[in-house]
Amino acid sequence: MFHRHVDEDALRVKGDVLEQTLQSTDFSEQQKQEALAEYLVLLQNERAATQGIDFCTRLFDRVAAAFRAHPTTELAVDMLYACILVQQFYAMDFAPWRAHPTIVASQDALKTVAADGRDSDCMRYCQATAELYAEAKFWPEALHYAVQMHDAASRLLQKGVHRLENGTRLDLRDTACAIGMYASQTADGMTEELTQKLTVELGAEDFAVVMAEAADTVGDTVTDPVEMTEEYLAIRYELEEKIDDALEHRRGYYDYCKEYWIVKKLILRSDYGIAWESPAVLNPGVDFH
């Protein structure tokens, strides 16, 4: 059976109708959630990243406005999940860094959720956000959210919760491994504070095993150390925007990374005076696509 694609105009119309449904008082919350889930699945199946970004950003903006007007925990949770949706569609569009402003706007909502003890929601959001930042190679931010994910998992275990609602088993070694991976990509690496924290929580033996696993996962691919400097970190978002414009917003095709690196090198040198070498140059034995 062949899949019949839905054209962009039809997807937008469906989205407009859904927005009216979500704001109407004529439908129950269950009906609204079912309609929203159905539309999101349709967008994902159609790989309709642009429509997904537009729709989920509008959804996020409405929930964010409601949260600012009435900062309740339930609205904070809704805001975090709307942010996760925005992240997912930006990742589908091979532009994860573009979710950064939405994530920044969600910081107060995350604090509200954490303060109210909604650790499962907190953990899920922080895990998704850490992975999104890692995909964008925004390593300090990825580490920041990985630590919060780990702390939420720790609090759940202290409450006697060993599995999440989706059946995932909680294990601090898994979240600690994420911390180790992301920390290794930052200028400071595994700080003494993080090392001590994880050693106390895991025990010296498990900590050593987890850090070895993190190192194996990261692998031996070399990146230019300039990416860990404050000068580079300060211009990452602007840099990605410029690269994206130069490539005319085309992403994800075969050998995309090679064109991306050429443009990145030129922009860093011409606009910022930063000398940078690509992974292809620094890892001559590795075949990148």
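Which residues does isoleucine 103 touch, not counting residues up to four places away in sequence? The legends below start there, and bear in mind that this is a predicted model.

**View 1. Isoleucine 103 and its contacts.** Leaving aside residues up to four places away in sequence, isoleucine 103 touches Cys83, Gln87, Tyr125, Thr129, Leu132, Tyr133 and Tyr145. Two of these names, Tyr125 and Tyr145, come back in the next view, where they are listed with Ile103 among the residues with the most contacts inside the largest nonpolar core.

**View 2. The largest nonpolar core, and another one apart from it.** The largest nonpolar core takes in 73 residues. Inside it, the most contacts belong to Ile103, Met123, Tyr125, Tyr145 and Tyr182. Helix H4, residues 73–92, gives the most to this core, with 12 residues. Apart from it you'll find another core, made of 17 residues, including Tyr232, Cys257, Ile267 and Tyr272. As background, nonpolar side chains in soluble globular proteins tend to be buried together.

**View 3. Helix H6 meets helix H7.** Here are helix H6 (residues 107–115) and helix H7 (residues 119–135), whose axes come within 8 Å and cross at roughly 145°. On the H6 side, the contact is made by Leu110, Val113 and Ala114; on the H7 side, look for Asp121, Cys122, Tyr125 and Cys126. Sort the residues of this contact by type and you get six nonpolar, no polar and one charged.

**View 4. Tyrosine 253 and tyrosine 256 as an aromatic pair.** The whole structure holds eight aromatic pairs. In this one, the ring centres of tyrosine 253 and tyrosine 256 are 5.4 Å apart and the planes stand at 85°, so the pair is edge-to-face. Tyrosine 253 is partly exposed, with a relative accessible area of 25%, while tyrosine 256 is buried, at 15%.

**View 5. Tryptophan 261 and phenylalanine 288, also edge-to-face.** The rings of tryptophan 261 and phenylalanine 288 sit 5.2 Å centre to centre, with 85° between the planes. This pair links distant parts of the chain, 27 residues apart. Tryptophan 261 belongs to helix H14 (residues 256–272), and phenylalanine 288 to the segment after helix H15 (279–282). Tryptophan 261 counts as buried at 13% relative accessibility, and phenylalanine 288 counts as buried at 17%.

Technical notes. Residues are numbered from 1 along each chain as its sequence is written. This is a predicted model: local features need pLDDT of at least 70, side-chain atom pairs count only at pLDDT 80 or more; totals for chains, interfaces and linings use all residues. Side-chain values use heavy atoms; hydrogens and water are left out. Axes are lines fitted to C-alpha atoms, for helices over the stretch in contact, and angles run from 0 to 180 degrees between N-to-C directions. Helices (H or I, at least four residues) and strands (E, at least two) are DSSP runs, numbered from the N terminus. Contact means heavy atoms within 4.5 Å. Ala, Val, Leu, Ile, Met, Phe, Trp, Tyr, Cys and Pro count as nonpolar, Asp, Glu, Lys and Arg as charged, and the others, Gly among them, as polar. A nonpolar core is a set of buried Ala, Val, Leu, Ile, Met, Phe, Trp, Tyr and Cys residues joined through side-chain atoms within 4.5 Å. Buried means under 20% relative accessible area, exposed over 50%, partly exposed in between (1.4 Å probe, protein chains only). Rings of Phe, Tyr and Trp (its six-membered ring) pair if their centres lie within 6.5 Å; planes under 30 degrees apart count as stacked, over 60 as edge-to-face and the rest as tilted.
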